[in-house]
Amino acid sequence: MFLHNKNKEFLGITYMLLCMLFFSINDAFIKYILLIYKDITLLGQVIFIRGLCSTFILGLYLYSKKKLTLDIIKSKPLHARGAIESIAAIFFFLGLMYLPFGELYSLLNLAPILITASGAFILGEKVGWRRWTAVILGFVGVMIVIKPHDLQFGYAFIYPLISAIFIAQRDTITRKYLEKFDSLQVVFITSLSVTIFFSFGMLLNFKPINLEIFIFIFLSAIFVTAGYYFSVLTIKVANISTTSPFRYTIIIFGIILGYFIFNETPSINMIFGSILIISSGIFIIFRQKKIGLIK
C-alpha cells in the first residue's frame, strides 16, 4: 500500500511537471507571435483562433465520454468563472508581451498567496499568524522582483499582478460551486468563455495572418490543451499538497525558454524575489495540509 501511494505521488508530480512544461511552451508560442507582429492588438485574434481549436478538442473528448451535458452549458458559476478567467488572461498576455518569462511567472505565482488573503477577507476563513507571515514575505518577494527604485520594464509588472488577483478571486469565489463538475468540464466552459470574450477583440482589429502563424497558433492550442489534460490527471492521481509545490517549476521552464528563444537573462533580483515567493507559497500549501484545508 505504501509503495502504491508513493507511485501515485510520483505519477502526480510527473503529470504536474508536464502540465507546467506544456503551459510554458504554449505561452512561448503566443509571445513569439506577438513579438513578430509587435502589435498587442492582434491578441484578440490569436487567442480566439487558439480558443476555437482548444475548445473543439476538449468538446470532442467530453462528447466521447458522454460528459458534454446541458448542465455545464447552462451553469452560471462556470460561466462566471470563465468571465473572470478572461479578464485575468488579458492582463497575463499584456505581461507576456512586455516582460521576460522569469519576472512574469514569478509575479503570477503570487496567486496562492493572494488566495490565502482573499479567503480571510472574502470568505471569512481563519488565517493564523504563520500563514499571514508567509503572505507578507510573498509580497516582500514581489517588491524584490519589481525593484520599485529601478522599474527596468516600466510599469508592466502591474499586468501579472492584476492577473494574479483575478486568478485568486476566480479560485476563491467559485471553488464551492465546482465540486459537482468534472475538471475537464470546468476547463471546457472556461475555454469557451475565453474564446467568446476574445472574439470581440478580434472583431475590433482583424488582420490577415499567414499559414506559418496559423500553425504556431494551432500548436499553441495543442500544448495548452495538453496542459489542461495533465492538470486533470494530476488531480486524479495525487493529493494537491503533494503536487502543488511543483507548480512553481513553470518559473524554471519559463527562464529556460526565455533564455534560449528570447535572449532573456534572469536578474539577481528576480531570482531572489522568486525564491521568496515560491518559499512562501509552498509553506502556505504545507500549512493548509497540516490544518486540514487541503489533502
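A: Contact means heavy atoms within 4.5 Å. By that rule, and leaving aside neighbours within four places in sequence, Phe 93 is in contact with Ile 30, Leu 34, Ile 40, Leu 43, Ile 47, Arg 50 and Phe 198. The model is a predicted one, in which local features need pLDDT of at least 70 and side-chain atom pairs count only at pLDDT 80 or more, while totals for chains, interfaces and linings use all residues. Residues are numbered from 1 along each chain as its sequence is written, and side-chain values use heavy atoms, with hydrogens and water left out.

Q: How many helices and strands does the chain have, and what counts as one?
A: A helix is a DSSP run of H or I with at least four residues, a strand is a run of E with at least two, and both are numbered from the N terminus. On that basis the chain has 13 helices and zero strands. In sequence order the pattern is α-α-α-α-α-α-α-α-α-α-α-α-α.

Q: What share of the contacts with a separation of 6 or more joins residues 24 or more positions apart?
A: Such pairs account for 90% of those contacts in the chain.

Q: Why is Ser 280 called buried?
A: Buried means under 20% relative accessible area, exposed means over 50%, and partly exposed is in between (1.4 Å probe, protein chains only). Ser 280 has a relative accessible area of 5%, so the residue is buried. Ser 280 lies in helix H13 (residues 268-290). Not counting residues up to four places away in sequence, Ser 280 touches Ile 113, Ala 134, Leu 137 and Gly 138. Across the chain, buried residues make up 51% of the 295 residues.

Q: What makes the pair of Arg 81 and Thr 190 a polar contact?
A: A polar contact is a pair of N or O atoms within 3.5 Å; within protein, one must be able to donate a hydrogen and the other to accept it, and residues adjacent in sequence count only if both atoms are side-chain atoms. The side chains of Arg 81 and Thr 190 make such a contact at 2.9 Å. Arg 81 is in helix H4 (residues 76-98), and its relative accessibility is 13%, so Arg 81 counts as buried. The side chain of Ser 280 reaches the backbone oxygen of Ala 134 at 3.2 Å.

Q: Is Arg 170 buried or exposed?
A: Arg 170 has a relative accessible area of 12%, so this residue is buried. Arg 170 is found in helix H8 (residues 158-174). The C-alpha atoms of Arg 170 and Glu 85 are separated by 7.0 Å, although the two are 85 residues apart along the chain.

Q: What makes a set of residues a nonpolar core?
A: A nonpolar core is a set of buried Ala, Val, Leu, Ile, Met, Phe, Trp, Tyr and Cys residues joined through side-chain atoms within 4.5 Å. The largest such core has 63 residues, of which Ile 47, Phe 93 and Phe 101 touch the most other members. Helix H1 (residues 2-37) gives the largest share of this core, 12 residues. Apart from it lies another core of 11 residues, among them Ile 72, Phe 181, Leu 184 and Val 186.

Q: How do you know that Glu 264 and Lys 31 meet in a salt bridge?
A: A salt bridge is a side-chain nitrogen of Lys or Arg within 4 Å of a carboxyl oxygen of Asp or Glu. For Glu 264 and Lys 31 the N to O distance is 3.7 Å, and the pair meets in a salt bridge. Glu 264 lies in the loop between H12 and H13 and Lys 31 in helix H1, so the pair ties together parts that are 233 residues apart in sequence. Lys 31, at 3% relative accessibility, counts as buried, and Glu 264, at 13%, counts as buried.

Q: How many salt bridges does this rule give?
A: The count comes to two. Lys 67 forms a salt bridge with Asp 182, with the closest N and O atoms 3.0 Å apart. This pair links distant parts of the chain, 115 residues apart: Lys 67 is in the loop between helix H2 (43-64) and helix H3 (70-73), and Asp 182 is in the loop between H8 and helix H9 (183-204). Lys 67 has a relative accessible area of 30% and is therefore partly exposed, whereas Asp 182, with 17%, is buried.
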